[in-house]
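Please walk through this structure with me, one piece at a time. Keep the 3D view open as you read.

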Amino acid sequence: REFATYWERSGDGKPAPEHTWISALVPGSREVSFYVDGRNGRVVWASDRTGLRAWLENAGLNPADRDFKRGWLHWFEEPPAPDSFPRAGVDVVERIPRRFLEECVRPGTSFPVLLGTTTETGSVLTAVELSTSPQKDLLKGFRPSRLPPARVVQSIAARPVRRFPVRRADAPYVHGRDHDEQFARLSAMKVAIVGCGSLGGYVARLLAQAGVGTFTFVDDDRLRAHNTSRHVLGGRFVGRYKSDAMATMLREDFPHIRFA
């Protein structure tokens with residue numbers, strides 16, 4: 001249960017604000033996707049590009065496909081003890097398919113890997129950053145265009161890794177930290193709210209906080225300045241249709257929910 005706590009305390013480097021790692025994915029070893037959100041100072045991870053794009057668009061971002069990166073998630077059967085935490089690339093690289101690494105890593109760059117495990121208190125995610133040797137150190141006997149990918153991957157083994165904490169933002173964790181027995185039922189629910197006034201707005205937000213997965217809002221009234229004293233919507237939405245504004249606000253606050 002203390003895996004994440006010890007991991008964060010024993011990290012080799014504190015992540016800079018522009019490298020806060022956020023996960024919206026589910027457990028299991030596999031290839032995953034991530035996006036570096038420089039505007040908001042975070043790296044966002046999801047199970048695939050489709051899920052990542054949906055999460056980012058709900059959060060108000062619209063990245064190009066070329067900005068999505070390939071990453072890897074390794075799931076431990078049991079939480080490693082602190083004396084087994086990875087310290088060099090060799091402790092991690094063997095857990096990742098060699099072909100995947102050869103396709104993704106480049107000389108003189110870093111490559112992030114998520115590490116997860118299931119504990120008595122729910123799933124825990126952490127991260128390491130692997131690095132490869134500079135190209136000049138790898139070129140001995142090779143031309144740049146003929147540098148074998150395997151040689152680049154081999155250079156990871158002896159290089160130290162950096163360890164970082166990961167903040168979970170997936171729906172089961174947001175709604176009950178993996179312990180809400182009602183979450184599966186609530187997340188499958190579709191709720192339509194007719195009338196997004198002061199009462200309907202608060203009802204919608206409470207349902208979203210409870211874990212309801214899909215919403216439809218119906219209201220052809222616009223938000224006025226004098227409405228904001230009693231409405232869940234604030235001044236930045238004045239002039240917009242309440243139904244659209246409610247969807248925008250909940251998308252931004254709960255990027256994992258859906259709208260029909």
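Two strands pair if DSSP finds at least two bridges between them. Strand E9 (residues 214-218) and strand E10 meet that mark with two bridges, and they run parallel. One of the bridges can be named: Thr214 has Arg258 as its partner in E10. Keep in mind that this is a predicted model.

Now step back to the whole chain. It has ten helices and ten strands. Its C-alpha trace spans about 70 × 40 × 30 Å along the principal axes. The chain has 260 residues, and 45% of them count as buried. Look also at how contacts link the sequence. Take the contacts between residues at least 6 apart in sequence: 63% of these join residues at least 24 apart.

Return to E9 and E10. They belong to an open sheet of three strands, in the order E8-E9-E10, with parallel pairing. Strand E8 (190-194) and strand E10 (258-259) stand at the edges and have a single partner strand each, so one side of each is left without a neighbour in the sheet.

Two helices lie across these strands. Helix H9 lies across E8 and E9, and it runs at about 170° to E8. Helix H10 lies across E9 and E10, and it runs at about 155° to E9.

How do the axes of H9 and H10 cross? Helix H9 covers residues 198-210 and helix H10 covers residues 242-253. Their axes come within 11 Å and cross at roughly 25°. Angles under 35 degrees count as roughly parallel, so H9 is roughly parallel to H10. The crossing of H9 and H10 is right-handed.

Which residues meet where H9 and H10 touch? From H9 come Gly201, Ala204, Arg205 and Ala208. From H10 come Met246, Met249, Leu250 and Asp253. Sorted by type, the residues of this contact are five nonpolar, one polar and two charged.

Stay with H10 for one more residue. Lys242 is found in this helix. Is Lys242 buried or exposed? Its relative accessibility is 7%. Buried means under 20%, so Lys242 counts as buried. Its contacts beyond its neighbours within four places in sequence include Cys196, Gly197, Asp219 and Asp221. Arg222, Leu223, Asn227, His231 and Leu233 are also in contact with Lys242.

Next, move to an earlier part of the chain. Find strand E3, residues 42-46. Five of its five residues are buried, so E3 is largely enclosed by the rest of the structure. In a regular strand the side chains alternate between the two faces of the sheet. Follow the side chains along E3. Arg42, Val44 and Ala46 point one way, Val43 and Trp45 point the other way, and all are buried.

What does E3 pair with? Strand E1 (residues 20-23) runs parallel to E3 and is joined to it by four bridges. In one of these, Ser23 pairs with Trp45 of E3. Strand E2 (residues 30-37) pairs with E3 in the antiparallel sense, over five bridges. Here Ser33 has Ala46 as its bridge partner in E3. E2 and E3 form a hairpin, with four residues between them. Look for Gly41 in the turn: its phi is positive, about 65°.

Methods:
Residues are numbered from 1 along each chain as its sequence is written. This is a predicted model: local features need pLDDT of at least 70, side-chain atom pairs count only at pLDDT 80 or more; totals for chains, interfaces and linings use all residues. Side-chain values use heavy atoms; hydrogens and water are left out. Axes are lines fitted to C-alpha atoms, for helices over the stretch in contact, and angles run from 0 to 180 degrees between N-to-C directions. Angles under 35 degrees count as roughly parallel, over 145 as roughly antiparallel, 65 to 115 as roughly perpendicular and the rest as oblique. A crossing is left-handed if the near helix is turned anticlockwise from the far one by less than a right angle, and right-handed if clockwise. Contact means heavy atoms within 4.5 Å. Ala, Val, Leu, Ile, Met, Phe, Trp, Tyr, Cys and Pro count as nonpolar, Asp, Glu, Lys and Arg as charged, and the others, Gly among them, as polar. Buried means under 20% relative accessible area, exposed over 50%, partly exposed in between (1.4 Å probe, protein chains only).
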